[in-house]
Amino acid sequence: MLRFVQLIICNLPRIYMIPRMAYMAGHPEKYTEEQCYRYARLAVKRMVTSGHIKTLAFGLENLPKEGGYVMFPNHQGKYDAIGIVSTHKKPCAIVIDDAKSHMILTSQFIDLVGGKRLRKDDLRQSVRLIREISEEVAAGRKYIIFPEGGYERNHNSVCEFKPGCFKSAMKARAPIVPVVLIDSYKVFEEWSVRKVTTQVHYLPAIYYDEYKTMKTAEVSDMVHDRIKTYIEKITG
């Protein structure tokens, strides 16, 4: 929380970026997805620099070179998606809990990257969202979906995954990319403004041929176990 306050104070001279984000997101006829994403990454770069945050990326070669795919990371805190965006050069959208998506800056950022807001208590909206994401991924878009659905001081451990999160990727027959986040929770959870280093590990993609005969729950368990095993290997 202390680092969050520091970020607000240090970036007050850049407050103009928030309405700029909203304007760009609201005028798709003027700005391409690539232009919007570059501006989002610029905002992220300025934030991590002023917050003394360093994020290391590993396994970028594992990302599919062409077409759409869905990244499924473990979830540790508010910095998770920012850490991924800081290392992922191609435009990618984020699926976020609608209840947490309307804070200033968060709202504009999600709109700028073309993200989706999930209303957890609305089954019809969830089904519609899965269909929309599936169609967009099939057309070449990239998404970040957190299959744990939330976080609660779980740090470098993995909680149970929600199998329904994988339906959009499976319907699109798209690659599934397990993503491991290490020490991401330290950015905003620790009461400190000292330099902090986080890690993003992109594991080998799971292609359709590997999961086409599997059920949603089986795919969920497979991704969960790969992430859990990798975290245990890294953290010892």
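Patches are made of residues with over 30% relative accessible area and no salt bridge, with like charges joined within 9 Å and nonpolar side chains (Val, Leu, Ile, Met, Phe, Trp, Tyr) within 5 Å. Phe4, Val5, Ile8, Ile9, Leu12 and Ile15 form one such nonpolar patch on the surface. The model is predicted: local features need pLDDT of at least 70, side-chain atom pairs count only at pLDDT 80 or more, and totals for chains, interfaces and linings use all residues. Residues are numbered from 1 along each chain as its sequence is written, and side-chain values use heavy atoms, leaving out hydrogens and water.

**Surface patch**
- Together the six patch residues have about 560 Å² of accessible area (Shrake-Rupley method, 1.4 Å probe; for residues, only the protein chains shown count as cover).
- Ile15 sits in the loop between helix 1 (2–10) and helix 2 (17–26). Helices (H or I, at least four residues) and strands (E, at least two) are DSSP runs, numbered from the N terminus.

- Seven strands make an open, mixed sheet in the order 1-7-6-2-5-3-4. Two strands pair if DSSP finds at least two bridges between them.
- Strand 1 (53–58) and strand 4 (116–118) are the edges; each has a single partner strand, so one side of each lacks a neighbour in the sheet.
- From one strand to the next, the twist averages 25°. Axes are lines fitted to C-alpha atoms, for helices over the stretch in contact, and angles run from 0 to 180 degrees between N-to-C directions.
- Strand 3 (residues 93–97) pairs with strand 4 in the parallel sense over three bridges. Asp97 stands opposite Leu118 in strand 4.
- Helix 6 (residues 123–138) lies across strand 2 (69–73), strand 3, strand 4 and strand 5 (142–144). Helix 6 runs at about 155° to strand 4.

**Salt bridges**
- The count is 12 salt bridges (a side-chain nitrogen of Lys or Arg within 4 Å of a carboxyl oxygen of Asp or Glu).
- One of them joins the side chains of Lys120 and Asp97 at 3.8 Å, N to O.
- Lys120 lies in the loop between strand 4 and helix 6 and Asp97 in strand 3, so the pair ties together parts 23 residues apart in sequence.
- Leaving aside neighbours within four places in sequence, Lys120 is in contact (heavy atoms within 4.5 Å) with Asp97 and Gly149.
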